[in-house]
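This report describes parts of one protein model in plain terms. Please look at the sequence and the structure before reading on.

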Amino acid sequence: MQRQAYKLKAGNLNNLQLVQQELADPAPHEVQIDIRAIGLNFADIFAMWGLYSATPEGVFIPGLEYAGVLRAVGSAVEGHRVGDAVMGVTRFGAYATALNIDQRYALPLPAGWSFAEGAAYLVQVLTAYYALVRLGDLREGKTVLIHSAAGGVGILANRIAKRYAAYTIGTVGHASKVDFCRQEGYDAVIVRSPNFAEDLRQALGDRELALVMECIGGKVLEVGFEQLAPQGRMVVYGSARYARRTDKPNYLRLLWQFLRRPKIDPQGLIQSNKGLLGFNLIWLYEKAELMAEILTEVAALGLEKPFVGHTFTFEQLPEAIRLFQSGTTMGKVVIDGFESHATSERKKST
């Protein structure tokens with residue numbers, strides 16, 4: 001079948017091009033999906049810049065998250081049928097109107113969910129739950145600091161933490177996001193500024209900071225680690241300080257930021273009695289059985305639907321990326337409106 005896909009060679013967002021290409025039939029253990037929604041993630045930006053360690057060599061199709069309808073199934077596929085609504089994650093390749101993927105990465109779309117909501121869920125909830133519970137050892141009543149509190153991961157991290165009756169402090173980059181975070185149930189919200197250390201102390205009061213969801217880096221990371229209580233844990237899963245609203249990386253600025261990054265002595269952890277952990281979701285992608293186990297645990301929490309804050313059509317994907325880079329978004333940014341592509345492709349195949 002024919003599909004459309006955005007491809008580029010990493011290094012410059014201007015390299016992103018929409019192309020028409022042939023998609024082979026699915027392999028025996030694969031399913032073929034008509035994509036109806038794509039979720040955008042910061043990892044997409046870093047991959048397109050060539051700064052993500054897992055970025056493929058040469059020309060590739062970005063995108064880690066999708067939702068859609070099964071168009072075809074491989075000869076060895078069980079439990080999936082043509083026409084099923086699914087959502088899933090992929091190790092790149094989601095910026096397209098269709099894809100083939102191992103059946104283990106195509107999960108049923110929950111009843112009552114839109115395709116946009118399905119594409120806004122898996123990367124965020126896997127990141128949030130794995131960081132908070134599996135690595136952060138989240139316990140009832142603990143105090144948790146969550147950066148990028150109004151983003152896709154931040155929203156779900158707060159909802160998960162609240163299931164553990166945690167006290168949550170969220171941070172945002174813009175004051176316009178404070179009310180939204182309060183509506184989401186954060187106990188305190190901080191607008192990150194040069195006064196972040198004092199603002200965090202005031203937000204904590206007499207509480208001990210037990211867990212930090214760290215995705216900013218730089219001075220913010222340093223302050224969070226300093227105020228972490230003994231036996232507390234910081235889980236690092238991103239470094240947004242390196243992101244800028246530009247088409248290509250400013251390597252001199254990146255080098256300056258890298259050289260000035262916090263340098264935490266591993267031997268010092270013995271004296272401070274703190275934990276510092278990090279992970280890359282691509283690693284989790286390679287552990288399909290672990291992902292399934294985590295999603296079963298998440299389902300038991302009964303979380304609300306993910307919050308989709310911004311939607312764009314497939315043709316507007318480059319515009320969506322620009323907005324996503326701006327740091328002004330709230331909730332998930334999703335590429336929606338694929339029905340016209342699916343209809344036209346079905347007509348071509350008949």
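A165 sits in the loop between helix 4 (152–163) and strand 10 (167–172). Helices (H or I, at least four residues) and strands (E, at least two) are DSSP runs, numbered from the N terminus. The model is predicted: local features need pLDDT of at least 70, side-chain atom pairs count only at pLDDT 80 or more, and totals for chains, interfaces and linings use all residues. Residues are numbered from 1 along each chain as its sequence is written, and side-chain values use heavy atoms, with hydrogens and water left out.

D137 lies in the loop between helix 3 (122–135) and strand 9 (143–146).

| Residue | Phi | Relative accessible area |
|---|---|---|
| D137 | near 55° | 31%, partly exposed |
| A165 | near 55° | 45%, partly exposed |

For D137, the phi value is positive in a residue other than glycine.

An open sheet is formed by 6 strands in the order 11-10-9-12-13-14, with parallel pairing; two strands pair if DSSP finds at least two bridges between them. Strand 11 (188–191) and strand 14 (275–278) are the edge strands, each pairing on one side only. Strand 10 and strand 11 run parallel and are joined by 4 bridges. In strand 11, V189 stands opposite G170.

Note on methods. Buried < 20%, exposed > 50% of the residue type's maximum accessible area, 1.4 Å probe, protein only.
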